[in-house]
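Thank you for making time this morning.

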Amino acid sequence: MKNFYFLSIIIFSIFASAQEKPEAKKASQEAIVKEYLENCAYKYDYTVNMFEWQECLDNGLKKDSTIAYLWQQKAMPLFKARKYEAGMIFLDKAVKFDKKSWIPYRAFIKCIFSKTYKEAITDFEEAKKIFGNTYEMDHTYDFYIGLSYLQLNDFKKAEEIFQSNIDFVKKTQNKDAVHHLDLFYFGISKFEQNKLEEAIIEFDKALAKYPEFSDVEFFKGVALYKLGQKEEAKTLLEKAKADLKKGYTINEDNAIYEQYPYQLKSK
């Protein structure tokens, strides 16, 4: 009986210790993030003080190399500087230590920044298994999957994905929640298959939400020209040029770092 009593105490102590460890580890990691990211790296502008930024984070990782957020923060400014391979080394570390938090972000980076579309699809499909078709950077996972297929020239697959995703947004939210980029790229997937009348329908829906959207105006103008409506096409192409000059183009936050697919270049 005495041995059983002491054995019970030992088992309880081990169990209690195991229960406390995750909370203690979390508190320790939060303290490291505060010291080396918030109170150190954030003092610097990484565009001109990359060495100092990275040094702060490296010192934090010396304390605990498993903090995924610090690895992601090492990667982020490198992607913005278009140093994709260098940044991906660090982002892969973030995913290694916290897959649920960072695999959707890595998928986004692969789609919009490094443009490794097959890898982006793989990551987004894995993220969908975890979270379903939810959002990353204001768009659904399926939006980026459709965009990736578009960039891989699989236009039929892209069309299917965009149609499915638009239906999903309408069902889970409402028809007004469909983003103008969803409609633009859905139209592009049809345009690339020479389904010009169908493409124009989607372009018009996008323009109803964003009337000065120069990229949509341009591709609608080209579609009209191909359909023989040359005067209407000319007028719209002139408007597209004027709107582009005014800055009415794809207005995603990350468009300041990367040109989006099918986005017009302003001269």
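Let me begin with a question: is the crossing of α7 and α8 left-handed or right-handed? In this model, which is a predicted one, the crossing of α7 and α8 is left-handed. Helix α7 covers residues 141-151 and helix α8 covers residues 155-172, and the two pack at an angle of about 165° with their axes 8 Å apart. Since an angle over 145 degrees counts as roughly antiparallel, α7 is roughly antiparallel to α8. If you look at the contact itself, the α7 side consists of Asp142, Phe143, Ile145, Gly146, Leu147, Tyr149 and Leu150, and these meet Phe155, Lys157, Ala158, Ile161, Phe162 and Asn165 in α8. Sorted by class, the residues of this contact between α7 and α8 are nine nonpolar, two polar and two charged.

Let me turn to another pair of helices. Helix α2, residues 50-63, packs with α3 at an angle of about 165°, and their axes are 9 Å apart. The two helices are therefore roughly antiparallel to each other, and α2 passes α3 in a left-handed crossing. From α2, the residues in this contact are Met50, Trp53, Gln54, Leu57, Asp58, Gly60 and Leu61, and they meet Leu70, Trp71, Gln73, Lys74, Met76, Pro77 and Leu78 of α3. Here the contact of α2 with α3 divides into nine nonpolar, three polar and two charged residues.

Helix α3 also has a contact with α5, where the axes come within 12 Å and cross at roughly 10°. That angle makes α3 roughly parallel to α5. The contact brings together Ala68, Tyr69, Gln72, Met76, Phe79 and Lys80 of α3 with Trp102, Tyr105, Ile109 and Phe113 of α5, and by class these are eight nonpolar, one polar and one charged.

That leaves the pocket. How much space lies in the second largest pocket? The value is about 190 Å³, and the lining is made by Lys26, Gln29, Glu30, Val33, Thr66, Ile67, Ala68, Tyr69, Phe97, Asp98, Ser101 and Trp102. The elements giving two or more residues to that lining are α1 (2-38), α3 (68-80) and α5 (99-113), and the largest share, four residues, comes from α1. By class, the lining of the second largest pocket holds six nonpolar, three polar and three charged residues.

Notes
Residues are numbered from 1 along each chain as its sequence is written. This is a predicted model: local features need pLDDT of at least 70, side-chain atom pairs count only at pLDDT 80 or more; totals for chains, interfaces and linings use all residues. Side-chain values use heavy atoms; hydrogens and water are left out. On a 1 Å grid over the protein atoms alone, a cavity is a set of points where a 1.4 Å probe fits but cannot get out, and a pocket is an open set with protein on both sides within 12 Å along at least five of seven lines; lining residues have an atom within 4 Å of a point. Grid points are joined across faces, edges and corners, and a volume is the space filled by probe spheres set on the points. Ala, Val, Leu, Ile, Met, Phe, Trp, Tyr, Cys and Pro count as nonpolar, Asp, Glu, Lys and Arg as charged, and the others, Gly among them, as polar. Axes are lines fitted to C-alpha atoms, for helices over the stretch in contact, and angles run from 0 to 180 degrees between N-to-C directions. Angles under 35 degrees count as roughly parallel, over 145 as roughly antiparallel, 65 to 115 as roughly perpendicular and the rest as oblique. A crossing is left-handed if the near helix is turned anticlockwise from the far one by less than a right angle, and right-handed if clockwise. Contact means heavy atoms within 4.5 Å.
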